[in-house]
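Subject: Structure handover

Hello,

Here is the structure you asked about, followed by my notes on what was found in it. Please read the notes with the structure open.

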Amino acid sequence: MHRLSRADARRIAVRAQLLAAPRPTDLFDVVRRLGAVQHDPTAYVARSADLVLWSRLGSVYDPAKLRDALDEQALLELHGMVHVPEDLALYRAEMAAWPVDDNQEGLAVWVEANTGCRLDILARLRADGPLTAAELPDTCVVSWRSSGWTNNRNVGRMLGALVQRGEVAAAGRRGRERLWDLAERVYPDDVVPLDEARRVRAQRRLRALGIMRGGEAGEPAVVAGVRGEWRVDPLALHRQFRGRTALLSPLDHLVYDRRRMTELFEFEYQLEMYKPAAKRRWGYWALPILHGDRLIGKLDAVADRRAGELRVAAIHEDAPFSRSVMAAVRREIADLGAWLRLAVVFA
């Protein structure tokens, strides 16, 4: 049983997420080490995947390299996450066994009822793919019903199911539209058996996070001042730590698990894009600010590309910044503006 202070645990987490010094230098190695990068399209400042990669690699990172890698299938997208191709072998057995839990049963019944549509989509992709969703036939005899935005969106829901089944895969983009193709033409042929794949995925997830609750990967640990047992990557223990300052995407894995974030970093944060403007405390897409092993504030900024400006509405300090900390934060903001090729304008 490893006994860790909160500072120990935070430093393990920051190092595992490649947010300590020195910076990594290779795009593909970053995606591999992080396990996956969420490919969310929100671009209030920049797309989340680009922010995640910029915060690791710095301004040498070119978003066009990510787009090119996805178009050329040097990186692959699965369930909205960017992976290195070799990782897909860890998901193929689960796809072949679909549905693998009760939550998927309703979708499985709907797909079965629309077998003709499923086969029509696969045939069209085989003949003409890759194609956008708009170019695929909707021959469903039973419409998809939901109380949300997917209601009656049969092709989109069918494509989601075919991805889960391992029959269809994302295959880059045409402009802003995602392209789809047969998975056999996108994914590597390797398949890792289901139980082994789940074990390896759990190990890789722990390696990417450094420390987490639950599971059997790694070794048990307790964190002073935090109830319950954790699992820690033993390779992450007893390493020297040299921190730096970073601006993070709200979807960054360092902060994505809000409970873990609160327990280890004692940081209060919510993504407020879905709140009415009058009820926001920190901003629509506020970027958490990391300094060393602490999350210390939020940056409220927006990229106005028409005006050529990165407009900074506020730097929210959880506690007053020292002069050196404020200087470090402002350097990161300047670097963000330079990377976006926008002039930084403070409100």
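Pro-24 is buried, because its relative accessible area is 17% and the cut-off for buried is under 20%. This and everything below comes from a predicted model.

Pro-24 and its surroundings

Pro-24 sits in the loop that runs between α1 (6–16) and α2. Not counting residues up to four places away in sequence, Pro-24 touches Leu-18, Val-30, Arg-56 and Leu-57. From Pro-24 to Gly-58 is 34 residues in sequence, and their C-alpha atoms are 9.0 Å apart in space.

The loop between α1 and α2 also holds Pro-22. The peptide bond that joins Ala-21 and Pro-22 is cis, with omega at about -5 degrees. Leu-18, one of the residues that Pro-24 touches, comes just after α1 and has a positive phi of about 60 degrees. Within α1 itself, the buried residues include Ala-9, Ile-12, Ala-13, Val-14 and Ala-16, and also Arg-10 and Arg-15.

Asp-252 is in the loop between β10 (245–247) and α10 (253–256). Its relative accessibility is 1%, so Asp-252 counts as buried. Leaving out residues up to four places away in sequence, Asp-252 touches Gln-17, Leu-19, Val-52, Ser-55 and Arg-56. Arg-56 is also one of the residues touched by Pro-24.

Glu-272 is in the loop between α11 (258–265) and β11. With a relative accessibility of 0%, Glu-272 counts as buried. Residues up to four places away aside, Glu-272 touches Lys-279, Arg-280, Arg-281, Trp-282, Gly-283 and Tyr-284. Glu-272 and Tyr-284 are twelve residues apart along the chain, and 5.2 Å separates their C-alpha atoms.

Nonpolar cores

Which residues have the most contacts inside the largest nonpolar core? They are Leu-51, Leu-53, Leu-299, Ile-315, Leu-336 and Leu-340, in a core of 43 residues. At least two residues of this core come from each of α2 (27–34), α3 (48–57), α4 (63–71), β11 (287–291), β12 (294–304), β13 (309–317) and α12 (323–340). The largest share is that of α12, with seven residues. Another core lies apart from this one; it has 36 residues, among them Leu-88, Tyr-91, Ala-169 and Val-200.

Leu-53 can be followed in detail. Setting aside its neighbours within four places in sequence, Leu-53 is in contact with Leu-27, Val-30, Val-31, Val-37, Gly-58, Tyr-61 and Leu-66. Val-30 is also touched by Pro-24.

Backbone points to check

Pro-99 is in the loop between α5 (89–96) and α6 (105–113).

Two histidines have a positive phi. For His-79 the value is near 55 degrees. His-79 is found in the loop between β3 (76–78) and β4 (81–83), and at 52% relative accessibility it counts as exposed. For His-238 phi is near 65 degrees. His-238 lies in the loop between β9 (230–232) and β10 and counts as exposed, at 80% relative accessibility.

The protein as a whole

The protein has twelve helices and 14 strands. Its radius of gyration is 22 Å, close to the 20 Å that the globule rule gives for 347 residues, so the protein is as compact as a globular protein of that length. The C-alpha trace spans about 65 × 55 × 40 Å along the principal axes.

Of the 347 residues, 49% are buried. Among contacts with a separation of 6 or more, 61% are between residues 24 or more positions apart. The protein exposes about 17,200 Å², and carbon and sulfur atoms supply 49% of that area.

Regards

Technical notes:
Residues numbered from 1 in each chain as written. Predicted model: local features only at pLDDT ≥ 70, side-chain atom pairs only at ≥ 80, totals over all residues. Heavy atoms only, no water. Helix = DSSP H or I, 4+ residues; strand = E, 2+ residues; numbered from the N terminus. Rg over C-alpha atoms; globule rule 2.2 N^0.38 Å. Buried < 20%, exposed > 50% of the residue type's maximum accessible area, 1.4 Å probe, protein only. Contact = heavy atoms within 4.5 Å. Areas by Shrake-Rupley, 256 points an atom, 1.4 Å probe, with all protein chains shown as cover. Core = buried A, V, L, I, M, F, W, Y, C linked by side-chain atoms within 4.5 Å.
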